[in-house]
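Me: Hi! I have a structure I would like to talk through with you, one question at a time. Could you take a look?

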Amino acid sequence: MKLILKLLFGQIHCHPARFLLTALSIVAASGVVIWVVSGYDALTAQFDDFSDDYMGRYQFVLAQEEIQTGVGAEPKIMLPAEMIREISQDESVVELVSEIQSRIQMKPLKNKSPRNKPAFPTSDELPADTSQSDKRSKPDSKGPRGPSFIPPLSPTLVGTNAANPPYPMKAGRWIEPGSAALEAVISSGSAAAFNVSVGDQVHLQQVNREVEVTIVGIVEQVRSIGGFRGPSPSRGPAQAALYVPVAVAEIVLGESPPPITISQIRLVEGAQPAEFKARWESRLASQTPPLTLMSTSDITEDISNSRSVSGARSQAWSATGIALLAALFIIFTALSMGVNERTRQFAVLRAVSMTPGQIGILIGLESLLLGAIGWLGGLAAGWGILKLMQSAQPTLFTQETGLGPWCIILSGTCAFGGALGASVFPAWQAMRVSPLEAMSARSGTAGISRGLLIALSTIGLVLILINPILIFLLPMQNQSQYAIYAALGYATMAIGFVLLAPITITIIERILGPLVARILLLDPRLLSAELSSNLWRTLGTCVALTLGLGLFVSTQIWGYSMLKPFVPGQWVPDLLVNFKEGGIPDEAFQTVANVSGFRPETCLPLAVEQTKLKEDLTGSKERTSVSRQDSIVLIGVDPQRGISDSNPLLNLRFLEGDPQTAAEQMKHNRACIIPDHFATEASLGLGDSFEVLLPENPDKAFRYEVAGIVELPGWHWMTKLSGLRRRGDRAAAMVFADINTVRHDFNFKKINFFWTQTEANASLDDMGNSLQKIAATYSGKAQPTNYQGTWKIGATNFGSAVRISTRQGVQDLIHNRADGMIWGMSQLPLVTLLIAGLGVLNTIMASIRARTWNIGVMRAVGLSRSALARLILAESLLVGLVACCLSLGFGVMAGWCGAGISQYVSFFGGLRPSLVIPWKQIGLGFGITLFLCLIAALWPAFSICRMKLLQLLQSGRSAM
């Protein structure tokens, strides 16, 4: 062992630069793990504090066990008064406060602008923090655009009988619980968003009722952690709240008494919460619907299972896996270089009685030493990063946080796991060295045999095909198979591309090598064997680069492939008008069509209703998704002008049926046109029929027959942001039927929606002002039969009566948000790519060192310093090009398969994503990779060019 340690430290002494660069790479990889995992640890450390703060003065919240959301503005919840009364009489209860929660629209009456740009509304379908909708606008874009300002989300109206505030007061006083005075207390977050203070008046609107109340106090608002904003809707206290007396809530909601949503319970001092919950648990579970008592531990569990926290947990594990692989290939490259260079040394050691096992131990110890240094250095770097994060984001780290156990364990797994895995093949190579090889050094330029190259490539292609076969030819029967499919499919795909790396290196060297040589004014023969001369060294470096770049490319392809079905296509007309008040009578349709900027021949009225399916055709009760819901958006349109004309308003692409036949059947046979994804989910074909329910009378149903199946990319967000479906509700599809049939079925006396094409230079403001005048003529004469169009984004409001959505505005809004999300997911792969850049530097330096004498000979026969520098840069570029080709292949396959498997496990699955390759974003990743390769080659090129000819020839194969 003493001899082994001497040899180990002697190797480090001879190659200090290589050892330090490799160790620095492992430090960086461990630092990435600590960077990600420490954020997750910081979140979990706040769970208990958040739960205590969220519950305020109370120990329990009485709520429904499950909230069923159907068609309507919000779920109908009503806790039984008898049960509330019984619990309030329990000897352990000192206080029970009942609350009525409801969605409202609120706006301040005084002339103030919100202090901060408000966030995107919280929703399961669109995350927060969206950007301006016209950010992507181009000067020559056609059609009018939507607004660039996004109003804040209104707080939840909370009618309460509490004598004391649930959270500490920041300003003013608490409301009088039994009073009928029009006064309210607002949570601090909403007060800041709307820029209101004590004494201000705010306007409240709920459906057709409007009330003005005065703010008399501001209460502390529990802050969100990790995107978690409390339990699911109506299962806990509202964080962004407007508290009013119950009498005021009755006025706003128009119900007396309004249904109780939740009850908060405080126990007497000394009472045992566990005993209290156990005493009532079975009784509450037997209610219809079942009730539950939520405690702080339940809130903590909700947080742990929330989408944002689960995402942070998955990111931590992903970071560990990516960093482990990066460490593995970087260490593999360094050890492989060392073994090839020390072939004669190992042979001499074997000749003097050193066993193969001892040589294997030597390689293993060298690998473990790299892992240990990388781990300890990563912990030190991670600790420093954590302190910087605590200083930069004190709101995230509310208390002093050190390196948690998961940071230490996962970073250690990354460092030592990568080290041990990387040492296996180099150790096996070293142990195979024969004592006879001491007579002549093994050729370090040996490549790979043609037969082995073909065999590896064939096996690689077979392994790559396993994933698409599993996903597209043998689809999952249930979600429980996802882990097996993902582990097997993506593991075999990754191994397959590693096995394809040798032939990729050979092809790039033979095809692109001469091209790169000519671009850099070099003799192509100089690059004829630069990569394959030491295949294992090149292989490790290329795969390390591919690890980060391939994940970046696959993320981009997967993200934009999943996005495409949600972006409104050209079938969507330029502009949608929503008359939110009153509606337009039939005799005024032509007045709307003649608005300046409209193309009158294309302006059509729409009869719109979001209605529930009589049967659960899509299986939404088994698993909900964006396309598996129990309702549809039914749109009545003129079949001839909208569908079958030579230049129809809706330019639909029919997959089954044809426009003329479908339009004729829509007129006479109660027929409809459905999108392809709905046909698949509901197993509907031409001639099949389904029934929908009348919202006001669920016992009454209407049957529609399928006359056509079409593609409708972007229907989902177009209906959501335009107001065609109700805020907070989801729908399985947009379905077109005859306007007269829909109006008759749902008793539409007037029309609230119009779709039209616009002139090329039409002004949105001019059109909106004209429509506002028309709305003023008819508003108040009749109320709309449905309450839609409540979203404050994706459209421009003109007064309180007119709302205009544009196709271009919705497209911009979606693209802006998607760009930010996809770029956020791409950050970790790019960091991995930067770490792999150190491996490129290591490879180039080793390559130069191994060829020092050869370089001296080339200099002696006339190769200039400039040509030598260009030769080194060319070699580095070829390494980058190999990584780009491998990454493109892996990214296309992984992104395509990822979009395919999302159909079974993702909420956003079901809308038939097609393969989209965003060349602009991928080109950026390729540019970063080639730039890193060039940067990595600059110092080796500079250092070797500085050496004199005699130094190069005298160096021979001595150490660096």
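This is a predicted model: local features need pLDDT of at least 70, side-chain atom pairs count only at pLDDT 80 or more; totals for chains, interfaces and linings use all residues.

Me: Which residue does Arg703 meet in a salt bridge?

Reply: Residues are numbered from 1 along each chain as its sequence is written, and side-chain values use heavy atoms, with hydrogens and water left out. A salt bridge here is a side-chain nitrogen of Lys or Arg within 4 Å of a carboxyl oxygen of Asp or Glu. At 3.3 Å from N to O, the side chain of Arg703 meets that of Glu691.

Me: Where do Arg703 and Glu691 sit, and how many residues apart are they?

Reply: Helices (H or I, at least four residues) and strands (E, at least two) are DSSP runs, numbered from the N terminus. Arg703 belongs to strand 18 (residues 697-711) and Glu691 to strand 17 (residues 689-694). The pair links distant parts of the chain, with a separation of 12 residues.

Me: How many salt bridges does the structure hold, and which residues are linked in a network?

Reply: The structure holds 15 salt bridges. One of them joins the side chains of Glu95 and Arg57, at 3.0 Å from N to O. The network of salt bridges links Arg57, Glu95 and Arg266.

Me: What are the relative accessibilities of Glu95 and Arg57?

Reply: Glu95 is buried, because its relative accessible area is 14%. Arg57 counts as partly exposed, and its relative accessibility is 25%.

Me: How many residues apart in sequence are Arg279 and Asp90?

Reply: These two form a salt bridge whose closest N and O atoms are 3.1 Å apart. Arg279 lies in helix 7 (residues 273-285) and Asp90 in the loop between helix 4 (81-88) and strand 2, so the pair ties together parts whose separation in sequence is 189 residues.

Me: Why is strand 12 largely enclosed by the rest of the structure?

Reply: Leu575, Val577 and Phe579 point one way from strand 12, Leu576 and Asn578 point the other way, and all are buried. Strand 12 (residues 575-579) is largely enclosed because the buried residues number 5 of the 5.

Me: Which residues are the bridge partners of Val577?

Reply: Two strands pair if DSSP finds at least two bridges between them. Strand 12 runs antiparallel to strand 22 (residues 802-806), with 5 bridges, and antiparallel to strand 20 (residues 753-756), with 4 bridges. For Val577, the partner in strand 22 is Ile804, and in strand 20 the partner is Phe754.

Me: Are helix 20 and helix 23 roughly parallel or roughly perpendicular to each other?

Reply: Axes are lines fitted to C-alpha atoms, for helices over the stretch in contact, and angles run from 0 to 180 degrees between N-to-C directions. The axes of helix 20 (residues 715-722) and helix 23 (residues 807-825) come within 10 Å and cross at roughly 110 degrees. Angles under 35 degrees count as roughly parallel, over 145 as roughly antiparallel, 65 to 115 as roughly perpendicular and the rest as oblique. The two helices are therefore roughly perpendicular.

Me: Which residues in helix 23 do Trp717, Met718 and Leu721 meet?

Reply: Contact means heavy atoms within 4.5 Å. The three residues named lie in helix 20, and in helix 23 they meet Val810, Leu813 and Ile814.

Me: What is the phi of Asn195 near?

Reply: Most residues other than glycine have a negative phi. Asn195 is found in the loop between helix 5 (188-194) and strand 7 (201-206), and counts as buried at 11% relative accessibility. Its phi is a positive value, near 55 degrees.

Me: What is the phi of Arg670 near?

Reply: Arg670 sits in the loop between helix 18 (659-668) and strand 16 (671-675). Arg670 is partly exposed, with a relative accessible area of 30%. Here too phi is positive in a residue other than glycine, near 50 degrees.

Notes: Buried means under 20% relative accessible area, exposed over 50%, partly exposed in between (1.4 Å probe, protein chains only).
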